[in-house]
Amino acid sequence: MGRLTYEAIQNEADLEFAGGFARIADQSMGIYDNLEQLLNDRKPDVIVDFTPRPVTQTVARTAVERGVSPIVGSSEWNAAERAELKKLCDQRHIGALIVPNFAIGAILMMNFAEQAARFFPSCEIIEMHRADKRDKPSGTAAATAERIHAGGGRADVPIHSLRMIGLLSHQEVLFSNAGELLTIRHDSFSSESFAPGIIAAIRHVPSLKTLEVGLRI
């Protein structure tokens, strides 16, 4: 995902790659193995982070404390951690984004599910991801359930999780009523599907003064 983000930025005239961080440094590419050094040397405006927990929480807090807006692609955040980051953002007047899914189709899927929620008393979510994905349910499924409740649907939407070889990121939201079934489905077959949303998030987060969860389009 880091390489995908780097390549996506190269295609945008209004964005510049300031540097990156990884386990192994590569100074020729501006890649650091120390976040503090990256912030000191390169002074980025935005950090796009896909590290797993607990590193992702440390990266986001450090960024906000240094006046840099974090965009978090990890779904391994609980409600208390989100609340803590929001409090820090509010104190520093720094924008941040936690984005469960950057694919434009997935974002629309969540939008449509929220709109449909109040019309259907019965709803369940089936999410299917690669075999090595650690979190269950996925951040996308959890966010979809929250949006369904916000739209007037049930508060306890059942989520069924599958982890299988050969999959990437797939989700179905099923709504039913007497005599009818509405299915809203999204499939990502390649990580390229995430690039437009990453760019949209980079452009959006500097305008924020607090934490937002999810990318609205």
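In which helix is Asp41 found? Asp41 is found in helix α2, residues 35-42, in a predicted model where local features need pLDDT of at least 70, side-chain atom pairs count only at pLDDT 80 or more, and totals for chains, interfaces and linings use all residues. Residues are numbered from 1 along each chain as its sequence is written, and side-chain values use heavy atoms, with hydrogens and water left out.

**View 1. Asp41 in helix α2.** Helices (H or I, at least four residues) and strands (E, at least two) are DSSP runs numbered from the N terminus. Asp41 has a relative accessible area of 45% and is therefore partly exposed, a class that lies between buried (under 20% relative accessible area) and exposed (over 50%), with a 1.4 Å probe and protein chains only. Between the C-alpha atoms of Asp41 and Asp132, which are 91 residues apart along the chain, the separation is 35 Å.

**View 2. Glu12 in the loop between α1 (2-10) and β1 (20-21).** Glu12 is partly exposed, its relative accessible area being 23%. Not counting residues up to four places away in sequence, Glu12 touches Ile199 and Arg203, where contact means heavy atoms within 4.5 Å. The C-alpha atoms of Glu12 and Ile199 are 8.4 Å apart in space, although the two are 187 residues apart in sequence. The side chains of Glu12 and Arg203 are joined by a polar contact of 2.7 Å (a pair of N or O atoms within 3.5 Å; within protein, one must be able to donate a hydrogen and the other to accept it, and residues adjacent in sequence count only if both atoms are side-chain atoms).

**View 3. Ser69 in strand β4, residues 69-72.** Ser69 counts as buried because its relative accessibility is 8%. With neighbours within four places in sequence left aside, the residues in contact with Ser69 are Asp45, Val46, Ile47, Ile94, Gly95 and Val205.

**View 4. Aromatic pairs, of which the whole structure holds 3.** Tyr6 and Phe17 form an edge-to-face pair, 4.8 Å centre to centre with 85° between the planes (rings of Phe, Tyr and Trp, the last by its six-membered ring, pair if their centres lie within 6.5 Å; planes under 30 degrees apart count as stacked, over 60 as edge-to-face and the rest as tilted). This pair links Tyr6 in helix α1 with Phe17 in the loop between α1 and β1, 11 residues apart. Phe120 and Phe175 form a tilted pair, 5.6 Å centre to centre with 45° between the planes. Phe120 and Phe175 are both buried.
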